[in-house]
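This report describes the fold of one chain, selected local features, and the contact between two chains. Please consult the sequence and the structure alongside the text.

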Amino acid sequence: MTPLQFETAHAALWQELEAELGAVPKRKRGSQPVDRARVAALYRAACEHLAVAESRAYPVWLIERLETLTARGHQRIYRETDFGLDKLARLFVVDFPAAVRAHRVYVLIALLAFAGPLAVIGVLSYLDPGFILSLHDAGMVAEYERMYGDADGPIGRRSAGSDWSMFGFYIFNNLRIAFQCFAGGLFFGIGSLYYLAANGAVAGSLAGYLTWRGFGETFYSFVVTHGAFELTGVVLAGAAGLALGHALLAPGRRSRLAALEDAARRAIVIVYGMIAMFVVAAAFEAFWSSARWVAPQVKFGVGGACWFVVFVYFVFQGRSRRDPASSR
Amino acid sequence: MSARSDLASRLDTRYAAETPEGIALWLRPAGVAPRLYAYLVDLLIRFFVFVFVVLFLGRLGGFGGGLALVVLFLLEWLYPVVFELGPGAATPGKRMVGLTVVMDSGLPITPAASLTRNLLRAADFLPSFYAFGALSMLWRHDFKRLGDLAAGTLVVYAAQAELPRSAPPPAPARAPAVPLPARSQAAIVAWAGRVARLTEARADELAEIAVPVVAPRAQHGDRVAALVGVAHWLLGRR
């Protein structure tokens, strides 16, 4: 068969496919619906023609036309169209807590990397009040005293920002820290460990120092509620990063890149949920935690309930009753 | 592909993604420079959007300030994700430069992959100004930055390289003097398709390579027409 015969024999089919591919995105209500099975059949036929044309070394423009046609068809046919609410609901009902449980070793290591420095620096700052000066300068320390002390105005604010502006600030700032904890995992997990430890150390120094100063009730009542989401969120972000780092360090029988891609696909589910947790945390931190008119005892009560809910959510939510493997 | 030799594939950055249908999708990954241009365009767009938002929301006091920071967060992290999941699979900057983001299997990008590659910007950015990302792109044949490695994505040129599809200029068909293997046939037909864009001297110079074998009886001043005639014969006009 000569190239010309080949082209005349199949040109009608290619033109039909070209027309179908051009039509789909501009489709409006009431116009002819696209016959998906027909498009798929045309696409497969065009793929076959391309393979034949290549093996017979047909002219370049013919192959070029078929390559363009099949590439467009491929993009159209394999496009994911289901971004529905079902998927979002399933994420929070099943996928997110299940992914956290599947990564429980990483979560534990991330927790140690965060809480270890927090506890050590916290105790050091409590025992030796001068110690905090090796982490922050004196001006900052005075600022912290004013923020978490007995002064008037909302707790935890440098200037008299409104609740809404602080909400924006917490989203902007805290999620950036969480993303750093996640992305740092690409450096064999060292980055995640570093960001976790550094943030733990800062939190510990504040807690220890303010406890020594006698502002413990104000500070802890401020932290307790949003901490349930924010501190867990940071640990989860670090755990997702550690999963990437572990895949790079010990890829098993796959190549490092293949292991990394696979680990990222699993870990990103944690990141989805983690983002939502930070939004909740920012709302609590801006509108509830900072309020002086709420008695500390009430905050401790609500905060305790939040910690309990978060704990129960990650331990029990989304387990399948019938599947013994996931309920181990 | 028989026509594309090993030697060429070492220089060529084209990337073959094989599909379940048994054909190869040829992707052309984009290097550091076009992606830098696209990034700068996006940066400019984000900057102006943010300035506009601040000017507008500044009048709303604390509420507006908070909203502006949320917008800044969205612009910094989710702006690329939203556009990459849209119809063009590219941010406005990438679209302007003619780039698009796909999975390295040639498939359209998935939400998970888009979020992965854009959050891992934080790693690419280190130690400063995307140094690790640029190093990774320069190191690799397919120009993936660290985020692309983890997400399994590629930034490619959106448009296929358009070859002029012009058929050879008219000439009387002429059978070749010897039977030709497929690769030689393809070379002669491809040359004939380009004749219209070549200078006469260059077309003649190229024809000189093939004519003594293919059409040994062609006259000296007639070589181009003779070889075009052979091309017509090969295409099927007999």
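This is a predicted model: local features need pLDDT of at least 70, side-chain atom pairs count only at pLDDT 80 or more; totals for chains, interfaces and linings use all residues.

What percentage of the 328 residues of chain A count as buried? The figure is 41%.

## Overall form of chain A

Chain A contains 11 helices and zero strands.

Along the principal axes, the C-alpha atoms of the chain fill a box of roughly 90 × 50 × 50 Å. Among contacts between residues at least 6 apart in the sequence of chain A, 78% join residues that are at least 24 apart.

## Helices H7 and H8 of chain A

Helix H7 of chain A spans residues 163-183 and helix H8 of chain A spans residues 190-213. Their axes come within 6 Å of each other and cross at roughly 145°. On the side of H7(A), the contact is made by A:Ile177, A:Gln180, A:Cys181 and A:Ala183. H8(A) contributes A:Gly191, A:Ser192, A:Tyr195, A:Leu196 and A:Asn199. By class, the residues of this contact comprise five nonpolar, four polar and no charged.

In helix H6 of chain A (residues 138-148), the buried residues are A:Tyr144, A:Met147 and A:Tyr148. These residues lie on the same side of H6(A), because they cover an arc of only 75° around the axis. The other side of H6(A) carries the exposed residues A:Ala138, A:Gly139 and A:Ala142.

Which elements are included in what covers the buried residues of H6(A)? Among them are H8 of chain A and helix H9 of chain A, the latter comprising residues 216-249.

## Strands S3 and S4 of chain B

In chain B, strand S3 (residues 99-103) and S4(B) run antiparallel and are joined by five bridges. Within this pairing, B:Met103 stands opposite B:Thr153 of S4(B). Strand S4 of chain B, residues 153-157, is mostly covered, with four of its five residues buried.

## The surroundings of B:Gly64

B:Gly64 is located in helix H3 of chain B. Is B:Gly64 buried or partly exposed? B:Gly64 counts as partly exposed because it has 19 C-beta neighbours inside 10 Å, whereas a residue is buried if 20 or more lie within that distance.

When neighbours within four places in sequence are left aside, B:Gly64 is in contact with B:Leu57, B:Gly58 and B:Arg59. The C-alpha atom of B:Gly64 is separated by 7.9 Å from that of B:Val54, a residue 10 places away along the chain.

## Contact between chains A and B

How many residues of chain B are in contact with chain A? There are 51, and they meet 54 residues of chain A. The elements of chain B that each supply at least two residues of the side touching chain A are strand S2 (24-27), helix H3 (62-84), helix H5 (111-119), helix H6 (121-125), helix H8 (146-151) and helix H9 (182-194).

Of these, H3(B) gives the most, with 11 residues. By class, the side of chain B that touches chain A has 33 nonpolar, 14 polar and four charged residues.

Notes. Residues are numbered from 1 along each chain as its sequence is written. Chains are lettered from A and ligands numbered from 1 in the order in which they are written. Axes are lines fitted to C-alpha atoms, for helices over the stretch in contact, and angles run from 0 to 180 degrees between N-to-C directions. Two residues are in contact if their C-beta atoms, placed from the backbone, lie within 7 Å. Ala, Val, Leu, Ile, Met, Phe, Trp, Tyr, Cys and Pro count as nonpolar, Asp, Glu, Lys and Arg as charged, and the others, Gly among them, as polar. A residue is buried if 20 or more other C-beta atoms lie within 10 Å of its own, exposed if 12 or fewer, and partly exposed in between; C-beta atoms are placed from the backbone. Two strands pair if DSSP finds at least two bridges between them. The arc is that of the directions from the helix axis to the C-beta atoms.
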